[in-house]
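Please open the model in your viewer and keep the selection panel at hand. The stops below are meant to be taken in order.

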Amino acid sequence: MPSRSAQIRLVSSHPEVYEPCDDSFALVDALLADRTNLLEHRPTLCMEVGCGSGYVITSLALMLGQETPEIQYIATDTNPYAVRVTRETLEAHGVHAELINTDIASGLENRLAGSLDVIVVNPPYVPTPEDEVGREGIASAWAGGENGRRVIDKILPIANKLLSKRGWLYMVTLTANNPSQICLQMRERGFASRIVVQRSTEEESLHVIKFWRDFDIQADAKDVVTTSSILPARVMDLLPRLSFWRSGSSNNSC
Amino acid sequence: MRLLTHNMLSSNIKGVTNGFPLRIEAEKVVEKQVEINHDFLRNIFPKIEWKAFVDASRILGYAELPEEAPEPSVLESDHEFLGKFHHALLELHIEEGALVCPETGRKFPINKGIPNMLLHEDEV
Ligand SMILES: C[S@@+](CC[C@H](N)C(=O)[O-])C[C@H]1O[C@@H](n2cnc3c(N)ncnc32)[C@H](O)[C@@H]1O
């Protein structure tokens with residue numbers, strides 16, 4: 001059987017590029033866990049924001065490519081070394097993604113609005129001083145500013161704009177990012193959510209969350225805006241699972 | 001960079017209202033064969049801005065596409081058309097060159113097949 005994720009020995013590297021780490025593995029494991037659904041979903045365009053070494057987008061292309069060859073992949077990163085390293089990683093595995101050196105999806109937002117069926121992102125999520133966010137070099141791979149939310153909070157509305165009606169978003173979060181609040185914010189945009197993978201290391205507790213547009217919620221969300229009433233049932237289902245989320249800071253270690 | 005991507009990119013400079021299509025300056029173009037997939041072509045066809053696509057393919061030296069976008073039904077039956085559409089969309093890669101903002105003339109370089117759309121501070 002062909003490999004379903006990128007092989008570490010074939011992943012290219014550079015001193016300024018984030019190497020695959022626990023968070024990268026958690027995201028790929030989440031995609032593998034959801035692979036059957038992804039195959040049934042039959043996406044046309046899939047994008048990764050912040051591709052780093054290319055480990056994740058390469059794995060996604062490998063796990064879906066055999067059965068669904070009609071998918072095209074796009075990956076972006078602000079780090080010019082990262083997109084080059086991603087190209088090498090993709091080539092070493094014989095798969096292709098279109099690469100763009102850009103901030104999140106800048107330059108694609110007009111023409112790709114409503115067109116992406118899948119977005120995957122392992123964002124810079126570590127709480128840091130604000131001025132460390134988006135600096136040149138490797139620090140921008142993890143520096144997330146206050147609560148680690150600076151880049152995440154920019155990505156969410158863009159994902160909402162780019163995802164198609166049936167679009168799915170998979171995102172890595174840290175406990176300190178307050179994932180339950182992220183889910184509620186996405187709910188206001190009409191998205192349901194579910195934890196696909198949850199993983200605790202000594203240093204951090206990671207969750208990979210899947211978001212999808214839910215038309216019941218979209219109807220509810222409009223009501224909530226006007227009446228700001230009781231939380232609809234779906235969130236109540238989610239809350240017990242979210243209740244263990246504590247905030248607290250964490251450091252990335254790899 | 002494939003023409004698929006060119007068709008999806010616009011100038012992202014602050015204040016630019018007419019940022020599409022980006023003009024292509026191609027220094028190095030390579031062809032890489034990939035297997036044709038009719039489902040992908042049918043799914044993506046409605047999203048393609050046809051005129052920008054035809055013009056871009058001509059700049060890369062490929063003049064086989066019809067000037068006018070065909071009816072979608074053509075994609076069901078016309079294998080010759082599908083082959084041309086596939087070739088121009090996915091098999092031509094701009095490896096070196098630039099994309100130029102149609103409004104400001106600002107150049108976005110393409111190196112090793114990767115366009116650099118990062119903005120300077122005063123452009124954001
Ligand atoms: C935690 S690393 C993940 C890398 C890779 N996807 C992985 O899982 O191993 C985050 C990546 O996002 C990139 N990044 C940070 N801010 C970004 C932004 N505003 N737009 C695009 N990419 C960004 C970083 O350069 C880095 O490569």
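This is a predicted model: local features need pLDDT of at least 70, side-chain atom pairs count only at pLDDT 80 or more; totals for chains, interfaces and linings use all residues.

Residues are numbered from 1 along each chain as its sequence is written, chains are lettered from A and ligands numbered from 1 in the order in which they are written, and side-chain values use heavy atoms, with hydrogens and water left out.

**Chain A as a whole**

Select chain A and colour it by secondary structure: it has eight helices and seven strands, where helices (H or I, at least four residues) and strands (E, at least two) are DSSP runs numbered from the N terminus. Of its 254 residues, 57% are buried, a word that stands for under 20% relative accessible area, with exposed over 50% and partly exposed in between (1.4 Å probe, protein chains only). Among the contacts in chain A with a separation of 6 or more, 76% join residues 24 or more positions apart; contact means heavy atoms within 4.5 Å.

**The ligand**

Next, select the ligand and the 19 residues around it, of which A:Ser24, A:Gly50, A:Asp77, A:Asp103 and A:Ile104 come nearest; a residue is near if one of its heavy atoms lies within 4 Å. This shell divides into seven nonpolar, eight polar and four charged residues, counting Ala, Val, Leu, Ile, Met, Phe, Trp, Tyr, Cys and Pro as nonpolar, Asp, Glu, Lys and Arg as charged, and the others, Gly among them, as polar.

On its own the ligand has 600 Å² of accessible area, and the protein covers 96% of it (Shrake-Rupley method, 1.4 Å probe; for residues, only the protein chains shown count as cover).

Centre on A:Ser24, in helix α1 (residues 22-33) of chain A, where the residue is buried with a relative accessible area of 5%. Beyond its neighbours within four places in sequence, A:Ser24 is in contact with A:Tyr18, A:Glu19, A:Tyr55, A:Val56 and A:Asn122.

Then move to A:Pro123, in the loop between β4 (116-121) and α5 (150-162) of chain A. Is A:Pro123 buried or exposed? At 3% relative accessibility, A:Pro123 counts as buried, and, leaving out residues up to four places away in sequence, A:Pro123 touches A:Ala141, A:Ile152, A:Ile155, A:Met171 and A:Val172.

**The interface and chain B**

Now show both chains and select the 25 residues of chain A that are in contact with 29 residues of chain B. The area buried between the two chains is about 2,300 Å², with carbon and sulfur atoms giving 56%; buried area is the accessible area (1.4 Å probe) that two parts lose on being put together, summed over both. Highlight A:Arg87, A:Glu98 and A:Arg111, which supply 29% of the area that chain A buries against chain B, more than any other three residues.

Finally, select helix α3 (residues 50-59) of chain B, where B:Trp50, B:Ala52, B:Phe53, B:Val54, B:Ala56 and B:Ser57 are buried. The buried residues of α3(B) pack against α1 (3-8), β1 (23-31) and α5 (79-91) of chain B.
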